[in-house]
Amino acid sequence: MAPIVSKIGIIGAGVSGLAAAKQVSHHNPIVFEATDSIGGVWRHCSYNSTKLQSFRCDYEFSDFPWPDRDNTSFPSHTEILEYLHSYANHFDVLKFVRFNSKVVEIKFVNDGQEATDFSGKPGSLLPGHPVWEVAVQTNESESVQWYAFEFIVVCIGKYGDLPRIPEFPYNRGPEIFQGEVLHALDYCKLDKESASNLLKGKKVAVIGYKKSAIDLALECADANQGREGQPCTMVVRTLHWTVPHYRVWGLPFHMFYSTRTSQFLHERPNQSLLRTLLCLLLSPMRHGISKFIESYLLWKLPLQKYGLKPDHPFEEDYASCQMAIMPENFFSEADKGKIVFKRASKWWFSKEGIEFDDDTKVDADVVVLATGYDGKKKLKAILPDPFRSLLEYPSGVMPLYRGTIHPLIPNMAFVGYLESVSNLHSSELRSIWLARLLDDKFKLPSVEKMIEQATKEMEVSKKTTRFYKRHCISTFSINHSDEICEEMGWTSWRKKNWLSEAFSPYGSQDYDKEN
């Protein structure tokens, strides 16, 4: 069967996929969504209690405000899905989406013509002939339908779909455990009653200490109120700073990291020698700000009481997009003994529960692995060679120019892989940039210059945080957006107007999922 030919294919209908589809809608893209709904992680990787970690006004598209944007409560995942559906309906994006259509293979074909590259030479990224063929499986059918595209936008994200499962020594894995083992992804699929039944009256161990693990432990504590309730044990391998809200000693959090003045203290790519010297001279102030915030967190939260104080500076978690809002009643449940903590570098299963390298053990009926997702494996599963091997070349992290274009993979873009102070705004701005690029409004630099730029960003991240492989630009996000706007040729007024909408007064980070 001959492939169905179209200009642009988009894989995924989450936040990034919807943003990309809206911006390239004049090309009539085809959007492949593997499930029966839009929303991505908000639809398929959310607990019953999952909420955004930002205010509504900080998590909205620039041309589609929330109807109740001044509501200061954090919206639930169902409210976010309603907002995304309203956005998709308002801009008539759903007509492009093909649901229950899973991309199982991608082939580079280029129709036998000379390969299109990102050299910046004259020519369009929409060359007028197919460059990629995509195999799509519908409703778990054994047969596939092939499509041919001039350009592909990958929006399947780093989270969801493929759980990251720890490796265990022989005969020390889940197979010997007499209780139930599941990943947080499996837990997300349970309705409220089923989730409560799984946890109620059970000895539960939650592996992890990021946002999904914290929320799950609190749900476990809620299900185990009363005399017969059992404690939930959080097995903590790597500690991260958590915050109770967006104020520090009475001051708004955004003033420390999310203004032009505050980001002036941090190194950024392409800075002048003078600015490099200034950053060096001002480094004591930068470290002082981190210590100032840490002092508040240690005063406000019982981190030292429970052995939960990280050894690394707060700045490193902010710079790697790992700052989580701690639920208001989390430590009150810990005070009641409903949540307990176990620090461990190594652990494995036994018949009765979990054992640790310090010769201690925890009995458990249920073990939930809140150990994140394998986004790289998800990409490698559909990309063909040799492009699969280029995903992490040359820095160990996918080099994305402007957070979107891999310089060595032709006619393909990745939206939603770069993290920043607001992932929705990042995806929207990069979708706008991509649409103008595809419409020949500007040209890309050479492959060498794009790799150089991506490498500079990674080097800045390496200097700022040990968790640099998360590919987060939060400490230089405003400069990053400035450069994108300038490359698009936006006037200073239009750039200022968009950035004022995108970077809210709270500068909050929507770290809804862990990696």
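**Close-up 1. Histidine 240 is tucked away as a buried residue, with a relative accessible area of 6%.** Buried here means under 20% relative accessible area, with exposed over 50% and partly exposed in between (1.4 Å probe, protein chains only). This is a predicted model: local features need pLDDT of at least 70, side-chain atom pairs count only at pLDDT 80 or more, and totals for chains, interfaces and linings use all residues. Residues are numbered from 1 along each chain as its sequence is written, and side-chain values use heavy atoms, with hydrogens and water left out. Histidine 240 sits in the loop between strand E9 (232-236) and strand E10 (242-243); helices (H or I, at least four residues) and strands (E, at least two) are DSSP runs, numbered from the N terminus.

**Close-up 2. One disulfide turns up, going by a cut-off of two cysteine sulfur atoms within 2.5 Å.** Cysteine 321 and cysteine 472 are the partners, S to S 2.0 Å. The torsion about their S-S bond is about 65 degrees, so the disulfide is right-handed. The link spans distant parts of the chain, 151 residues apart: cysteine 321 lies in the loop between helix H11 (314-319) and strand E13 (324-325), and cysteine 472 in the loop between helix H15 (447-464) and helix H16 (477-488). Both cysteine 321 and cysteine 472 are buried.

**Close-up 3. Cysteine 45 is in no disulfide.** Its nearest cysteine sulfur, that of cysteine 188, is 5.5 Å away. Cysteine 45 is buried, at 5% relative accessible area.

**Close-up 4. Cysteine 485 is buried too, at 0% relative accessibility.** Its sulfur is 18 Å from the closest cysteine sulfur, in cysteine 472, too far for a bond.
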